[in-house]
Amino acid sequence: MVDMIQRFKALLAILALVLVAAMPARADDLKPLVDGLGKNGYAALREAIGALAATGDPAVAPVLQALGAGDLYVRKSDRAVFAATKADGGFALKDPLTGADAGTAGSRDVEKIRVNNAVREAVTSALGSLTLMSADPAKRRAAAADVFRNSDPAQIPLIDQAISKETDAGIATTLQMARAAAVLKSDAPDAEKVAAIAALQAKGGRDVLAQLTAIEASAPDGAVKAAAQTAITSIQGTLKLWDGAQNILYGISLGSVLLLAAIGLAITFGVMGVINMAHGEMVMIGAYTTFVVQELIRNNMPWLFDWSLAISLPLAFLVAGLVGVLIERMVIRYLYGRPLETLLATWGVSLILQQAVRTWFGPNNREVGNPSWMSGAFELGNLTITYNRMWIVVFALVVFATLMLVLKRTPFGLQTRAVTQNRPMASSMGIRTPWVDALTFGLGSGIAGIAGVALSQIDNVSPNLGQGYIIDSFMVVVFGGVGNLWGTLVGAFTLGIANKFLEPYAGAVLGKILVLVFIILFIQKRPRGLFALKGRAVEA
Amino acid sequence: MTSTIEPVAHAKAKDSLLYLDGVSVSFDGFKALRGLSLVIEPGEMRAIIGPNGAGKTTMMDVITGKTKPDSGDVYFAGDTDLTRLDEAAIASLGIGRKFQKPTVFESHTVWDNIDLALAGDRKPFATLFHRTSQAEIARVEEILDTIRLTDKRDWLAANLSHGQKQWLEIGMLLAQEPKLLLVDEPAAGMTDAETAETAILLQEIARTKSVVVVEHDMTFVRDLGVKVTVLHEGSVLSEGSLDAASADPKVIEVYLGR
Amino acid sequence: MVTNFLLRALDRRTAIVLIAILGVGILLPVLNLATDPSSPFHVPTYVLTLLGKYLTYALLALAVDLVWGFCGILSLGHAAFFALGGYAMGMYLMRQIGDRGTYGNPLLPDFMVFLNWKELPWFWTGFDHFWFAAILVLLVPGILAFVFGWFAFRSRVTGVYLSIITQAMTYALLLAFFRNDMGFGGNNGLTDFKEILGFDIQADTTRGALFFASALALAAGFWICRAVIASKFGKVLVAVRDAESRTRFIGYRVEGYKLLVWTLSAMMAGVAGALYVPQIGIINPGEFAPANSIEAVIWVAVGGRGTLIGPIVGALLVSFGKTWFTSGMLAEYWLFVLGGLFVLVTLFLPKGVVGTFLARDRKKPAEKPIEDVVAPGAVGQAAE
Ligand SMILES: Nc1ncnc2c1ncn2[C@@H]1O[C@H](COP(=O)(O)OP(=O)(O)O)[C@@H](O)[C@H]1O
Ligand SMILES: [Mg+2]
C-alpha cells in the first residue's frame, strides 16, 4: 500500500518536473493544484501536497506552510481552498497563493483542512524540496539539509533535478548525500546501496551515523548490512576524535572562566601574598554591577542594551576596585605578615558582603541578559561553539594580556613589583608603599569585578555567586605557581581541560572531585606549584 | 638508593669531622656557592669570614640539610653523606646550628627552651610519655649556669633581650650535646661587653667540641684566635691565621677594593 | 603508662574544669527529668538538646584548637571529620530503623529502596552493631586525617597552603556526598532515626543520656588535650608553631608530631559529630560545607586559641549568639554579626576572650608557659 503510494508520488513528481521544465507555473495554473488540497482523506491530501511540491514553484511554499500551521480551510460551497483567520463571528478569507483578500465566510460555511503527523511530514519534506529550487543559496543549503534528513526515496528524481542545476559545490555535495540516503531507503539494487553507503561514509558526521544505524538495523543480512556496519565503525572512530576536540573546546571555555576568576587572585595572593577569601565576592559585586547597569538601561535607554556589557566593564572595575581598596585600608593592612589572620578576617568580610547584597537585592537569582552579539552559536566542522563562550575566552585572554602590560610596562606596575619584592628598599627609594599596597589590592579586586561582568553572562547572579569560584580560583593560582601570572594562565587551562576530559567518564561531580584530589596530591609533590622554580626567569 | 661512596672522597673525608668538596648551589640561576671545599678536623674551631652574600649562611644550610646542593660532597664524621639526610636526622647525628637571627621558642620559658633541646629520644610517642628525670633537671641547671640565665629560668623567651636570646640559643645548642656546632654571626647586634663574653663562651665550648663560627666582626674573630677561612662569591678565597689572611692580597682586594 | 600520662595532667585547674563540665552534664538532665515543667528549675527538653548540640560544637572547637592553637595548623577542613563521624553514627541509626521505614524494608534504608537498590552496599555491613559504628566513628576520620596528613606534612605544606587544601578536601567530600550513588542518602542525607541502643531516640531520658554523653566526651577531650599539652610532646608542638625550622634543627622530625596531633584532633572531631547526629536527628552533606569548618575556627578565635578553655567558651558564646540572633527578628543580620566577629576578633582581640582575660591577669613575665586558667563560671554561664 505505502509502496504504491510512494510510486505514485514518484510518478507525479516526475510528471511535475517535466511540467516545470516545460513552462514556468503561474498562480493561475497553481490554483487547481491548491484546491486539490480540499479533497477528502489524508491520502488524497498527501498526493495533493506532492503535486504542489512537484511544481517546484516557490510560490506554493506559503500555501504549504499555512497547511502545516492548520490555517487552510475549504469553502463548503465550491470546495475552494483559502487561508482563513478568525474574524468576528466568522472567518476572513485570503487567497493562499497571493494573500489577496477573498471576502469573509460564516463559521459554518468553511471547514478546516485537518492534518495528521504523516501529512505534516509530507509538508515538511515538500517544503524542503521546494526550496531546493530557490534562487537564494542559503535557502537551498537549508533545504538540501532538510531533504537529507528526510531522505525520502520519492524525492530522488527531484534531487537529481536539483543536482543537475546546482552551481554551489557545497550544496551539491549535500544533495549527493541526500540522494545516497534516499537510495538506501528505496528498493534500489544492493550494489547501488553499497555505493551510497560508501558515499555517506565519506561524509561522516552524526546525522549520517543515525541514518546508517537505522539502515543497519533494518537491512537483511548481506552486502548492504556489512557495508553499513563498517561505515558505522569508521564514522564512530572519526566522531570520537571530534568529541575529543569538542572536549578541548569545552575545557578551554571552562579554563577561561577559571582564568577570569583567578586572575585577580593571582595579583592579591600571588603577587602581594595577601590571602583574600572575599575574592569571590568581588566577582559577585562585578556581576551585580552588570545587573544594575542593565536594569537602568532597560528602563531608560533600551536601545543601549547591546552596549550594556561595555558600559558595565569600567563600572565593575571601579566598584569592585573601590571595595577592594576599602578592605585593604580598613582590614588587611593591619594584618600583613599574618596570613592566617588575614584569611579569617577576609572570610568575615566575605560574609558581610554576601549578606549586604542579599539584603539589598534579595536572596534570589537576578536576571542578567545576553546582548544580541553574545547569544547564539555557530558550527565549525562537527563542533558547536556558542558566542558567549567564545567571547569569554577572548575576553579572558585580553584581560590577561592587559594585566601583563600594566605590570610590566607602567610605572605603577614597576612600583608594585618593587614593593612586593623588597618592601624596605622600595620604601627607602621614596615609593609610598601603603599606596602601592592599596592600589595593587584594588587592581586585583577590580579585575575580579571585571570577571564578574563576564561570568554574569553564563552563571546565575546571586549573592552566592562568588562562593562557587573561591576554591577553584585558589586551586588555579596554587597549581600554577604562586607569584607567577603565566602559571595562572597555564593552570587555568590545564585544569579546565582536565575537568572536561574527565567528565564524560566520571560525570561532572566526580570529575571535579578527581581534579581536586589531583591538585591536593600535586601541591604535596610540588608545594610551590607548577612554575615556581622557573618563577623569576619567566617573570623577567 | 645504594651507591658506593667514591673511594677518593672517602679517603680524604675519613679523618675529618666535616668534609665539603666542590659544593655548588644555585637559586634561579644565581650561584650562591661555587665549588666550595672545606675540611674541619675533630676538635677544631674555625672562623669563617667574608663579605655579605659570600654564601656563608648558604653553606650552613647545606651542612644542616636545609638546602640540597646541586653538586658536590658533604660528609660528616668520615662517611656519613649529609646530602641524603633531612634536618632532623642531621641534628641527631650531632650537628647543632645557631641562626644568624636568634630563633628561640618565644612562648616557652627559658627552662623549656633548654629542656626541649636536651639530647634524648625525639620520637613523638617517646616525648608524649616522657617524664623529666633528675639527671635532666641537673643538666638544664648546669647549662643555664653556663649561659648565665639561671635567674631568668621562668621567663618567657620572648621577654629576653637580644643578647640573652643569643645566649639562650647557644645554651640550646649545648643541650643538644653536638659534636659540631655551627654558629652564624653570634655577635651581631650585641654590645661590646656582650661580644667579649660571647667570645669567652664559645672558647669554653670549643674545648670539648668542634665549632664553626661565621662572623663579620674582626675584633671578635681576633679574640677567638683561631684558623680563618675567607669566603668570597661562593668559594674559598683564602685560609690560614687571621693575620695571614688579612695580608693576602686577594682578601685585601675583596674587602678594600670595592 | 596512659593512666600515668593522664593523671600527671590532672592539676587543680584541670580538675575544676572537668568537674564543672561533668556537673553540668549531670545537673541539666536531672533538672529536665526530675522537675515539674511548671517549676522554675525545669529545663525543657528542647533546651537540653540545644545545649547538647553546643557541647558537641565545643568538642569540635577543642579539636580545632589542638592543631591550630598549639601547632599552628589552621584547618579549614575539620567539618569533614565532624561530618564523617556523624555519618558513621548516622549509618548505625539508619540500620536501627529496621522495617519501620516508610517502605518497610527490613534490611535497606528507605533511600536505597527509593533508588531501587536490591542489596546493602558492602560498606554498610557491620553498621547494625553499635560497637562497630563506634569504632568507625574514630577510625574513618582518623584514617582520612592520617593519609591526608601523611602526604601534606611530609611534603611540608604549611600555612595558608595547608589551610586551602584542607578546605579543598572538605569541598571534595561535600560534592561526593551529594551524589546519590555514593550510597549515603545523597542530598537528603540520613534521617528519620528511631532508636539508639534500643532506646527511643526522642525520649527525654535518651536525650538526657545523650547530653551527658556529650559532656563526658567534652570532659574526656579536654583532659586528653590537657595531658598532651602538658607533656613534652605538647611543648614540641608549641615549638613547631613558633619556629618550625628551628625545631627541625634541634632534631625533631616535625611531620611525625603534626601527623599524630592532626590525627588525634580529627578523631575528636569525629566523636563530636557522632554525638551531634542523634541529638539533631539528621546528617546531610551540608555538614561538609567549608563555611562550617571556618565557623569552628571562629569559635576558637573568639574564645582564645592556644588555651584549652578558650575554644569551649568560644563555641558556647558564638553558638548561643547564633541561636539568639537567628530565632528573632534580627535573623537577617546574623551574617553581619558573624562576619564582623571574624574581622573584629582578628584585628582587636587576637588572643580571644579567654586569652585576653589571662593576659591581663599576668602582669609579670609568666611563671608557666601560656596555660589555661578556668574563667570562673564561664562554662556554666554560657550554658544557661
Ligand atoms: N632561598 C634563596 N633564594 C634565592 N637566593 C638566595 C636564597 N638564599 C640565599 N640566596 C642568595 O645567595 C647569596 C648568599 O647568601 P648568604 O649565604 O645568606 O650570604 P651570607 O650569609 O654570606 O651573607 C645571596 O646573594 C643571597 O641573596
Ligand atoms: Mg648570612
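The contact, meaning heavy atoms within 4.5 Å, takes 40 residues from chain C and 41 residues from chain A. The model is predicted, and local features need pLDDT of at least 70, side-chain atom pairs count only at pLDDT 80 or more, and totals for chains, interfaces and linings use all residues. Residues are numbered from 1 along each chain as its sequence is written, chains are lettered from A in the order in which they are written, and side-chain values use heavy atoms, with hydrogens and water left out.

The area buried between chain C and chain A (accessible area, 1.4 Å probe, lost on being put together and summed over both) is about 3600 Å², with carbon and sulfur atoms giving 79%. In chain C, Tyr161(C), Ile164(C) and Phe336(C) lose the most area to chain A, together 17% of what that side buries.

The rule finds 1 salt bridge across this interface, a term for a side-chain nitrogen of Lys or Arg within 4 Å of a carboxyl oxygen of Asp or Glu; Arg305(C) forms it with Glu341(A), the closest N and O atoms being 2.5 Å apart. Helix 7 (159–178) of chain C is among the helices that each supply at least two residues of the side touching chain A, helices being DSSP runs of H or I with at least four residues, and strands runs of E with at least two, numbered from the N terminus.

Within chain A, two antiparallel pairings (at least two DSSP bridges each) share strand 3.

Phe91(A) in strand 3 stands opposite Lys86(A) and opposite Ala105(A) in strand 4.

Note on methods. Buried area is the accessible area (1.4 Å probe) that two parts lose on being put together, summed over both.
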